[in-house]
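Here is a short report on salt bridges, helix packing and a surface patch. Please read it alongside the structure.

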Amino acid sequence: DMSLLDESAHYAKYALAIYTWVLYLYENPVTGPTRLIARGCRCCCPGLRKLDALVAPSPASSHLSLGLINFVDENGRIEGDTVCEAHKNAILLTAGVEEADLLYVQLRSSFTDNPYCILVDHEWKSVVVSIRGTFSLEDCVTDVLIKPESLEQLGEDFGFEASGQYCHGGIVACALNVHRDLGRHGLLDKLLLGADARFPDYRLRLVGHSLGASTCALLSYMLRPKFPTLRCAAYSPPGCTFTWKMATECQEWCTACVL
């Protein structure tokens, strides 16, 4: 029990980081604006960018650069980020990681896209997928799509037993959105699988809060056949996520933290 509490406390920062600058300023109303402005100046000022380029990255943070995998604009910024990269900087500050360990950020929010990010935690030897919870108008609509949806076909497609099992319809849509985007760029496979994997001895971690927590729980069923050692930390997931059998069978790899 103590190890589960320790694990959940450690990964909570990643679940909060994907809420970007809005939550960061809410939690740090005094020091937050100054920190974001300082980091934003380094992004906007050409002179400071050149200075940063002269500083060699630390060995632990030199595995990948953000631009290799992410959609970026002509100025090298993540698609959907602000001019001074407030979203990216807030993620880094909240998660407490180096820029080189933030490998992917998806900021689009719609009925077909759910914001999430992928980070590397070298201390706990894990690749972390953090999925955002309810935040936009589209998310609120997704929350009320409460009609139960059968998981039998999904179980057949992804290799888990779901005969007679159901899930919150909006959560199924979110999990499929994230899985589709993961498949588009294939980053998890490159990081964890195969002879050329960058981190073959690291474990996959799925984390999320609220709607993101439920999405992680279902996504863990979908990804476990490929990543059997994955673990999921779900912070305040809705109680109506699954039918009982699905909700209890994942306790081996999924921990739900509730208030």
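Buried means under 20% relative accessible area, exposed means over 50%, and partly exposed lies in between, with a 1.4 Å probe and protein chains only. This is a predicted model, in which local features need pLDDT of at least 70, side-chain atom pairs count only at pLDDT 80 or more, and totals for chains, interfaces and linings use all residues. Residues are numbered from 1 along each chain as its sequence is written, and side-chain values use heavy atoms, with hydrogens and water left out.

**Salt bridges**

A salt bridge here is a side-chain nitrogen of Lys or Arg within 4 Å of a carboxyl oxygen of Asp or Glu. The whole structure holds 12 of them.

| Pair | N to O distance |
|---|---|
| Arginine 108 and aspartate 113 | 3.8 Å |
| Arginine 184 and aspartate 181 | 3.0 Å |
| Glutamate 249 and lysine 245 | 3.0 Å |

Arginine 184 and aspartate 181 sit in helix α8 (residues 169-185), three residues apart, about one turn of the helix. Helices are DSSP runs of H or I with at least four residues, numbered from the N terminus. Arginine 184 has 41% relative accessibility, so it counts as partly exposed. Aspartate 181 is buried, because its relative accessible area is 8%.

Arginine 108 is partly exposed at 26% relative accessibility.

Helix α11 (residues 244-249) contains both glutamate 249 and lysine 245, four residues apart, about one turn of the helix. Glutamate 249 is partly exposed, with a relative accessible area of 39%. Lysine 245 is partly exposed too, at 31%.

Salt bridges also link Glu7, Arg205 and Arg231 in a network.

**Helix packing**

How do helix α1 and helix α5 cross? The axes of α1 (residues 2-17) and α5 (residues 86-95) come within 8 Å and cross at roughly 165 degrees. The two helices are therefore roughly antiparallel, a term for angles over 145 degrees. Axes are lines fitted to C-alpha atoms over the stretch in contact, and angles run from 0 to 180 degrees between N-to-C directions. The crossing of α1 past α5 is right-handed, which means the near helix is turned clockwise from the far one by less than a right angle.

**A nonpolar patch**

Phe111, Leu137, Val141, Val144 and Leu145 make a nonpolar surface patch of about 500 Å². Patch residues have over 30% relative accessible area and no salt bridge, and nonpolar side chains are joined within 5 Å. Areas come from the Shrake-Rupley method with a 1.4 Å probe. Valine 141 lies in helix α6 (residues 137-143). Valine 141 is partly exposed, at 32% relative accessibility.

Conventions
Patches are made of residues with over 30% relative accessible area and no salt bridge: like charges are joined within 9 Å, nonpolar side chains (Val, Leu, Ile, Met, Phe, Trp, Tyr) within 5 Å. Angles under 35 degrees count as roughly parallel, over 145 as roughly antiparallel, 65 to 115 as roughly perpendicular and the rest as oblique.
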